[in-house]
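Dear colleague,

I am handing over the structure we spoke about, and below it you will find my notes on what turned up. Please read them with the coordinates open beside you.

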Amino acid sequence: MLRAAGLEFEVAAPRVDEATIRESLTAEGAPPRDIADALAELKASRVADAGSGALVLGSDQVLDHEGRTIGKSASPEEACALLGALSGTRHALHSAAVIFEEGRPVWRHVSTVRLQMHALSAAYIEAYVDRNWESIRHSVGGYKIEEEGVCLFQRIEGSHFAILGLPLLELLAYLRLRGVIEG
């Protein structure tokens, strides 16, 4: 998304055990929105260098179903079970982004998208996961709306970019305000 928007950047993968942190924050009673924000901040902080002057972006996405935080499925069976639980119900995706500068957070945003899934049969879900496992295995919720996963939904309210994992329009507005990009 950043490259498509014309931004130049370097990728640095932080060493973060997302599952453990998500479980810990959930046990402490943190709401899913706050968990996405905390993970995005932690990722940015792990890469940020207090002396570099570079802007460091961290992001994360969390699925919120009936107040429960749901991560990525570890197997096709887990994906089928998750999609079965989401079938016919509403859920939310919280996509968080945090920018660090000089070793401290200077900007953050969490976008929330609400999605209503069609009621799906177990046979359809299993066939969908079988066809798409390699593509969806790293996706929160077990679907990608930019692919066949869009067929799972009857209603989507919110930013397309946030569903893809980043509140891009808000990020671009901040970068424009800072003079990092023209506009």
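**Salt bridges and charge**

Glu-147 forms a salt bridge with Lys-144, and the closest N and O atoms of this pair are 3.9 Å apart. Please keep in mind throughout that this is a predicted model. Since the cut-off for a salt bridge is a side-chain nitrogen of Lys or Arg within 4 Å of a carboxyl oxygen of Asp or Glu, the pair at 3.9 Å is counted. Both partners are partly exposed, Glu-147 with a relative accessible area of 33% and Lys-144 at 22% relative accessibility. As for its setting, Glu-147 lies in the loop that runs between α4 and β5 (153-157); from Glu-147 to Ile-163 there are 16 residues in sequence, and the two are 12 Å apart in space when taken C-alpha to C-alpha.

Over the whole structure, the search finds 12 salt bridges. Among them is the one between Arg-137 and Glu-134, whose closest N and O atoms are 3.2 Å apart; here Arg-137 is partly exposed, with a relative accessible area of 31%, whereas Glu-134 counts as exposed at 59% relative accessibility. Arg-155 forms a salt bridge with Glu-157, with 2.7 Å between the closest N and O atoms, and Glu-157 is partly exposed at a relative accessible area of 30%. Elsewhere, salt bridges link Glu-18, Arg-22, Lys-43 and Asp-60 in a network.

There is also a patch of negative charge on the surface, where Glu-77, Glu-78, Glu-126 and Asp-130 gather. Two helices, α3 (76-86) and α4 (122-136), each supply at least two residues of this patch. Glu-126, which is found in helix α4, is partly exposed, with a relative accessible area of 46%; a patch residue must have over 30% relative accessible area and no salt bridge.

**Cysteines**

How many disulfides are there? With a disulfide taken as a pair of cysteine sulfur atoms within 2.5 Å, the count comes to zero. Cys-80 is in no disulfide, because the nearest cysteine sulfur, that of Cys-151, is 17 Å away and the cut-off is 2.5 Å. Cys-151 is likewise in no disulfide, the sulfur of Cys-80 being the nearest cysteine sulfur to it. Cys-80 counts as partly exposed at 22% relative accessibility, and Cys-151 also counts as partly exposed, at 48%.

How values were computed:
Residues numbered from 1 in each chain as written. Predicted model: local features only at pLDDT ≥ 70, side-chain atom pairs only at ≥ 80, totals over all residues. Heavy atoms only, no water. Patch = residues over 30% accessible without salt bridge, like charges linked within 9 Å, V, L, I, M, F, W, Y side chains within 5 Å. Areas by Shrake-Rupley, 256 points an atom, 1.4 Å probe, with all protein chains shown as cover. Lys, Arg positive; Asp, Glu negative; His and termini not counted. Charge placed at Lys NZ, Arg CZ, Asp CG, Glu CD. Helix = DSSP H or I, 4+ residues; strand = E, 2+ residues; numbered from the N terminus. Buried < 20%, exposed > 50% of the residue type's maximum accessible area, 1.4 Å probe, protein only.
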